[in-house]
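Subject: Handover of a structure and its description

Dear colleague,

Please find the structure below, together with its sequence. I would be grateful if you would read the notes that follow with the structure open beside them.

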Protein chains: 2
Amino acid sequence: MSRSIPDSLKAVLVVCDGLGDHPIPSLRGKTPLEAAQTPTLDQLAAEGATGLIHVIAPGIPPGSDTGHLALLGYDSSSCYTGRGPFEALGAGMRLHPTDIAFRGNFATVQCTTGQGCRVLDRRAGRRVPEGAKLVKLIDGLSLPSSPDIEVVVKHTVEHRCAVVLRGRNLSRQISDTDPHEQSLDVQESKPLDTSEAAQYTASLVNELTRAFYRILSASPLNAERRQAGLPEANIVLLRGAGTLPEIPSLHDLYGIRAACVAGGALYKGVARSVGMDILSVRGATARYDTDEVAKAKAAAKTLSKHDFVFLHFKPADSAAHDKNPQKKIEMIEKLDHLLSTLQKHVDKDNTFIALTADHSTSSLNGQHTGDPVPLLINGPRVRHDHVTQFSERACANGGLGHLVGKDLMPILMNYISRTPKYGA
Amino acid sequence: MSRSIPDSLKAVLVVCDGLGDHPIPSLRGKTPLEAAQTPTLDQLAAEGATGLIHVIAPGIPPGSDTGHLALLGYDSSSCYTGRGPFEALGAGMRLHPTDIAFRGNFATVQCTTGQGCRVLDRRAGRRVPEGAKLVKLIDGLSLPSSPDIEVVVKHTVEHRCAVVLRGRNLSRQISDTDPHEQSLDVQESKPLDTSEAAQYTASLVNELTRAFYRILSASPLNAERRQAGLPEANIVLLRGAGTLPEIPSLHDLYGIRAACVAGGALYKGVARSVGMDILSVRGATARYDTDEVAKAKAAAKTLSKHDFVFLHFKPADSAAHDKNPQKKIEMIEKLDHLLSTLQKHVDKDNTFIALTADHSTSSLNGQHTGDPVPLLINGPRVRHDHVTQFSERACANGGLGHLVGKDLMPILMNYISRTPKYGA
C-alpha cells in the first residue's frame, strides 16, 4: 500500500441524524425530506453526485452508535461492545481499558415495596435542567458491598448521563436495567455469560440502581420538580455496557487531522474514539434550538487546521422519535440553512461537502428503521449526475449508486487524495 | 440488539420459480415476462418499489434449494449440505441428525450385462401416476450387506421421491448416481473424502441402486407402462446427499409466525427447515394445472394466524426447463391472476406483498442461469419508485437497487418492524 502526497483538499461530512423516513399519509405520501423546502440541499445535489446508503446492510435498522461507526468507516462487528463507552467519551471522561461504561437515563419510576419499580417515563420528561446537580448526588458514591469499586457519573444533555464502573474483575457481559419501553419494570441486570466477573458486575449494577433510587427520590430537587408538576428524575436507568474500543484512528488510516462539531455526547464520543478533536461550539445543543449557523461556521473555520470535519445535526431525528413530521420538516429546513451557511464559508475550489444520515427514523412509529438513507457529495472532483433533488427517492437513481455505510469514508478520502492505494 | 414492539403488519413473499429469462428471438427479443400480459404485476410495481436480485451473487446460477434458502435470508455456504434433506422434509419425513437424505428421480434406464445402465429418460416421462405404488416396492428394503441400515423412500410429485439412509457410520460425502443428463450411464457413487464412512456409504448407495433396478424393472406396473407406450420407471436415480441442516428458525430470528403454501416437496422442505407451518392446499400441484386461486386465498386467509407467508409458484420454471416460452408466458399470466386474487383478499393497509424468483431459467437452453431476477415490494410504507412495469429490464432501474438474495428478508422484515436493531 502506498499513499500519494495529499494536496490541500478538505472534506466536511454532515450527518443529519434520522433523516430518512417513510412516505407519510398526512404529507400526501411524501417523506418529510421530500415535503421540506430545501433549496440548498437540492442545489448541492444538482451540482454534485447522489446515491443511497444502507448504513449497516439492507433492511437492518442501525443504532446511533453503530450507524456513526459505519459512516466513519468502521465495522461494528469487530469494534463495538456497547453504547456506554461512546457516551462516556462524549461526556469528556477518560476511560481505562478495564472500565465498564454505560449510557444512563434519568427516568421517572414508581416503586412498590416487594413489587419492583415501574417505569413511568424513561426520560423524566426529557427536560432535566437539574441534571448536573442531580449527578453530584450520585457521582463517586460508594457501594457498601464493594468499597474498592469507583462509580463515576457525568451529566451530558437533557435526561442523559454516562456512568462508569471502575475497579477489578468487572465484565461488560451483563444486561441492561433499562427496560427500553415505558410501563415496564426496571430490569434486574443479569450476567450474559457464566463468568464470575459478569455475575459480580450484574450484582453491582443492581445494588447501584437501588442506591440511585434511594438517593435521588429523597432529593429536594425532586420535591421541587413534583411541586412544579414535572415528572421526578428519581432513578438512572443503565444500558449499553461496554469497554473502550480499540480501533485505529482516522489519522492512522488516512493521515488526516479530523475534527467533530456535535451537540450530543454519543456523537462526540464516537468521534473521540476514532481520534477526532472535539470542537466546543456555543449553541450546539443537539436540541430543536441548536444553533445551526454557529455549527456551520465552526466547521468551516476549523478547515484551516483540519482536513476533515464531521458535523452532526440531531433534531430531525428527535422530531421523528416524537412522531412529529411537521417538526421534522422544520428541522430539515434548519439543516438546509446549516448547509447554505457552510457553503458560504468554505473554499468551494478545494472543499467537498457530503451529506447523509446515520439511519432512517420513521415519523409514523418513532423508531429507527432499516430503510436506506440519501447521500450527496458535492465538490470539485465529483462526477455530478442528473439528480436535481435531495430526497430518498431521487437519490435512489443517483450516480453513486447504492452503498453500505462503511464505503463512505474511503470514497470521501479518495476525493481528497487520502485513501491509500491498494497494490502497486 | 433490541426489537421494537411489532405492530400487526404482515408480509407475503411470492416466489415465481425460474421467472427471469433471456430475451427470446421468437418473442421479438422480449423475455417471457415482458411478453406476457400482466396488468396486476405492473400495477403492483407501479404502486410499489422495484429492484433486481442476484439471488446468490452476480452471475451465479442458483439451485432451487440454495436459491430459496437465500431468499429466506440464509447463507447456504454455512447451512447447506445437499438437496436431499429438503426433499425429505418436504415429503413430510422426520429426519434424524445422522440420516443421509437424497433427492430421487424415477427414471428410465436400459441395462446391458457388464456394460452398465444407460439413462434414456431422467424423469421417466415426468408423468408417473404409479409413483406411490412403485415406492411401496422399495420402501423399507433390506440390503444383504448391511441389514442394520434402514432404507426409507417416499413419493412426492410426478417422478420425484425422497430417499433416506438411516443407521450408523454414514457419510454425506459421496457422489450422485444421477448423471444429470440424458444418454449417459447411471453413475457409480464414489466417496468424496478418504473416510471409511464415505467409502461405506458409497458402496451402500451402489448396492441400493442395483436393488432399485432389480425390483422396479420386474414390477407388473412397469409392464403396464410398457404396454401403454410409456417409458418405464425402472430405477431411482439419487442425488444431493445431505444431512439435516441446523439453522435458526424464522421465529428465532424475527419473532414471526411463518407459513408456506407450495405444491413441490423441495419448497415445503426448505420451509420446514426454517420452521414454517406447511399449509395443505387442495389443487396446489406444482404442475401447469396448479390452482392459483386456491393458493392465493389460502395465503391471504392464514394471515389471521401468521405474520409471514411464503407462497411458491412452480410452473413458469417447468415451462422454461421444457424450452417452451409460450407456455412460460401462459404460466406468468396465471401468476398475474394469482397476484390479483391475493391482492383482493388481503388488507392493503397492513400487508406487504413481495414478488421475485429463486433464479432465472432460460427458455432457450432449459437451464438455470445466473442472470438476476426482478423484485417488487408493494405495501403501505414502501418508497414507491418511477418503475411502472414488472420485468427484468424495468426493475433494473428501480428504487430498491440491485440486491443479493439474502438481503430480501431483512428488508421485508424491516417493513413489518421485525428486523432487530443493530446497536443502540
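A residue is called buried if 20 or more other C-beta atoms lie within 10 Å of its own, exposed if 12 or fewer, and partly exposed in between, with the C-beta atoms placed from the backbone. This is a predicted model, in which local features need pLDDT of at least 70 and side-chain atom pairs count only at pLDDT 80 or more, while totals for chains, interfaces and linings use all residues. Residues are numbered from 1 along each chain as its sequence is written, and chains are lettered from A and ligands numbered from 1 in the order in which they are written.

I begin with a helix of chain B. Helices (H or I, at least four residues) and strands (E, at least two) are DSSP runs, numbered from the N terminus. Helix α10 of chain B spans residues 265–273 and is mostly covered, as nine of its nine residues are buried. Among them are B:L266, B:Y267, B:K268 and B:R272. The buried residues of α10(B) pack against α3, α5, β6, β8, β9 and β10 of chain B. After α10(B) comes B:G275, with a positive phi near 85°.

In chain A, eight strands make up an open sheet of mixed pairing, in the order β9-β8-β10-β1-β11-β14-β2-β15. Its edge strands, β9 (277–278) and β15 (401–404) of chain A, each pair on one side only. Two strands pair if DSSP finds at least two bridges between them. β1 (10–16) and β10 (308–313) of chain A run parallel and share six bridges; A:C16 stands opposite A:F313 in β10(A).

Chain A is also divided into domain 1 (10–80 + 247–415) and domain 2 (89–242), with bounds that come from an automatic or database domain assignment. The C-alpha centres of these two domains of chain A are 31 Å apart. Ten residues of domain 1 of chain A are in contact (C-beta atoms, placed from the backbone, within 7 Å) with seven residues of domain 2 of chain A.

Finally, how many residues does each chain bring to the contact? Chain B gives 20 residues and chain A gives 31. On the side of chain B that touches chain A, β15 (401–404) and α15 (408–415) of chain B are the elements that give two or more residues. α15(B) gives the most to that side, with four residues.

Yours sincerely

Conventions
Contact = placed C-beta atoms within 7 Å.
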